[in-house]
Amino acid sequence: MKKRMLAVLLVVAICISMIPVALADDTSQVSIKKTNIQAEYAATLDGYGMVWINGEDDDSPYNVAIIDREGKIVIPFQWTTYTYHYSDGIFSLTPSNMSDIYLSENDDGSFTFHHPEYYSEDGTKLFIDLSSKVLFTGTEMNDGYAIIRDFNDDASFRNAVLIDRTGKMTILKPPSASDYYNLGIPQDGLVWMSVFSSDPPYSYMYTLYMDMNGTIQFMFDNYAYWYGFSEGLAAVQDRTTEKWGYIDKTGELAIPLEYDRTYDFNEFGLGYVVLDKKVGLIDKTGKLIIPCIYDTLQSSFSDDGICYA
């Protein structure tokens, strides 16, 4: 599990006491000062450093801490199989590569709940009321919000709650409280909920998007796949043609369903699209900035205005 995580994170040091860690913020590269912290690995985390010492094998916990640019420990080392995420001034400690897995069943039929932890930038543990609960799970904080799932004593699902960085909670429910549902991660001010029948075979019925107050903005049942919003648009796949396009925040089709795959727009307002196994980039009006003629393509431009294929 940790090896898969390391493949995603940028590994920048073998021993922090020997070399500085380069940390990226919005405008420049900033280095952490040399420290006497002995660690096997280190990774950038949006202006902070995450450092850890592996356990004896891939399934054992590892000792992880957060340090700031001065090399000062912000969140002390602790043994865990989770990893840190950072967003909007909050560190979230959640299961690695398990963003959609909230609990797991043990061999004896009992359940293990994957409890997240949340910390401020000064290392203060947040949402203490949550920490006192036994039967809850949650996602990392994203765009200032996280999804908390509350369970009954028999491990049956009870509520989904949207929590913001101040600790304010909003219960998220489908129109019919008896129906089952899945939730996405809050993105760009909206969160999606897919709703299923409460009766076997628990058939899919529709998907809706809600704002951060739990108010339904729109719903649909004609898309097979959908994603969260980025730059005001969300990628969707038509259930019949299997083609991909984008909808806007009213649920209207903004970019036609004509691609084999579409992805989130980046901060430059560019979306990565696939057509006939070739990739290209479009802007938010649907105009092709780079035609779909390349086998591979970076989804953003470098500081000098170059996109590498």
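**Exercise 1.** In S26, which residue is the bridge partner of threonine 262?

*Solution.* A word on the model before we start: it's predicted, so local features need pLDDT of at least 70 and side-chain atom pairs count only at pLDDT 80 or more, while totals for chains, interfaces and linings use all residues. Numbering runs from 1 along each chain as its sequence is written, and side-chain values use heavy atoms, with hydrogens and water left out.

Start with the strands (DSSP runs of E, at least two residues, numbered from the N terminus). S25 covers residues 261–265 and S26 covers residues 271–275; they run antiparallel, joined by three bridges. Two strands pair if DSSP finds at least two bridges between them. Threonine 262 has valine 273 as its partner in S26. Now look at the hairpin: five residues sit between S25 and S26, and glycine 269 has a positive phi near 75 degrees.

**Exercise 2.** How many bridges join S8 to S9?

*Solution.* Find S8 at residues 82–87 and S9 at residues 90–95. These strands run antiparallel, with six bridges joining them. One partner pair is serine 87 with isoleucine 90. The hairpin has two residues between its strands, and aspartate 88 in the turn shows a positive phi of about 55 degrees.

**Exercise 3.** Is S8 mostly covered or mostly uncovered?

*Solution.* Check for buried residues (under 20% relative accessible area, 1.4 Å probe, protein chains only). Five of the six residues in S8 are buried, so the strand is mostly covered.

Terms used
Buried < 20%, exposed > 50% of the residue type's maximum accessible area, 1.4 Å probe, protein only. Helix = DSSP H or I, 4+ residues; strand = E, 2+ residues; numbered from the N terminus.
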